[in-house]
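Q: I would like to learn how to read a helix and a metal site from coordinates. Please take them in turn.

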Amino acid sequence: MTSKHSKDFIFVQMTDVQFGMFAALSGADKQRIEAAALRRLIIRPSPKITGFVKETELYTRAVSEVNRLRPKFVAMCGDMIQDSNDLAQLEELRRITDQLHKDIPIKWVAGNHDIGNRLTEESLRQYRDRFGADDYFFDLHGSRFIVLNSNIAFNPSEVPYEWQRQLDFLDSTLKEATQLGVTHIVLFTHHPLFVDDPDEEDSHIVVPKDRRKIMLDMLQSANASAIFSGHWHRNNYAIDGNIQMVTSSAVGCPLGNDPSGYRVVSVTRDSIKHKYIAIDEAPI
Ligand SMILES: [Fe+2]
């Protein structure tokens with residue numbers, strides 16, 4: 001590839017469409033809502049429902065809006081479905097994804113729900129069978145985009161060799177990008193690396209500090225521009241040196257004050273700017 005910034009362009013970041021989540025959280029009692037609030041998550045009281053009608057509506061609208069925008073690609077930053085054993089959720093995800101214009105590729109990123117919340121050899125194999133590679137990169141108009149399965153960095157205890165493999169992959173991909181002289185290096189993960197400060201303590205949201213620091217050091221050395229993630233179901237912006245750490249709210253069920261939506265990212269030679277767009281509630 002040529003390493004020159006050849007063209008300004010936009011891409012769209014989506015995350016956590018999570019078919020089945022509205023139903024999973026519906027009918028939550030006061031205790032559950034209060035427990036979630038302690039973890040900085042807002043669960044809105046609602047009557048018990050089943051299925052995924054709301055996710056269908058939101059994702060269909062998002063896809064149709066994105067078709068009008070014609071971005072170069074869509075990065076879906078994980079939690080495509082609530083229950084990795086529910087094939088109806090997976091089928092609905094695929095049915096609506098197929099409505100994306102044929103010129104707009106979708107780049108899948110592994111979320112914790114997509115691997116059944118427990119990373120094992122088996123859950124990893126199932127993910128790869130369904131969605132393809134979980135760690136990969138692609139180059140576009142002189143920038144490099146790297147997708148990482150942050151479930152591995154979050155907790156590799158059952159597959160420690162995967163963590164080593166992931167680090168080797170990140171290291172060689174970044175070194176190659178540096179050698180090529182790419183304009184921007186952008187990372188996509190499900191878990192944010194951090195949400196306030198690169199040195200913050202471990203939590204259920206972020207990649208634990210020990211592994212986070214190794215990754216951030218590598219990204220800093222390569223002069224990476226931005227990391228886009230999801231998982232928290234709310235928007236959040238932080239920074240480490242020159243690296244923007246952007247966490248986006250959900251296409252599906254929000255757990256903060258931001259509406260369901262997606263992020264439009266514009267890439268120029270000098271900058272990566274982005275805007276969160278609420279999914280249009282008006283009739284299609
Ligand atoms: Fe999620």
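**Reading a helix and a metal site**

A: Begin with burial, meaning under 20% relative accessible area, with exposed over 50% and partly exposed in between (1.4 Å probe, protein chains only). In helix α4 (residues 87-97), Q89, L90, E92, L93, I96 and T97 are buried. Seen down the axis of α4, these buried residues fall within an arc of 160 degrees (taken from the directions from the helix axis to the C-beta atoms), so they line one face of the helix. This is a predicted model: local features need pLDDT of at least 70, side-chain atom pairs count only at pLDDT 80 or more, and totals for chains, interfaces and linings use all residues. Residues are numbered from 1 along each chain as its sequence is written, and side-chain values use heavy atoms, with hydrogens and water left out.

Q: Which exposed residues does the face of α4 turned away from its buried side carry?

A: That face carries L87 and E91. Helices (H or I, at least four residues) and strands (E, at least two) are DSSP runs, numbered from the N terminus. The cover over the buried residues of α4 includes α3 (53-69), β3 (106-108) and α5 (121-131), where contact means heavy atoms within 4.5 Å.

Q: Which residues coordinate the iron ion?

A: Donors are N, O and S atoms within 2.8 Å of the metal (3.2 Å for Na, K and Ca); water is not among the atoms, so sites may look incomplete. Here D16 (OD), Q18 (OE1), D79 (OD) and H233 (NE2) coordinate the iron ion at 2.1 to 2.2 Å. Q18 lies in the loop between β1 (9-14) and α1 (21-25) and H233 in the loop between β7 (226-229) and β8 (236-240), so the pair ties together parts that are 215 residues apart in sequence.
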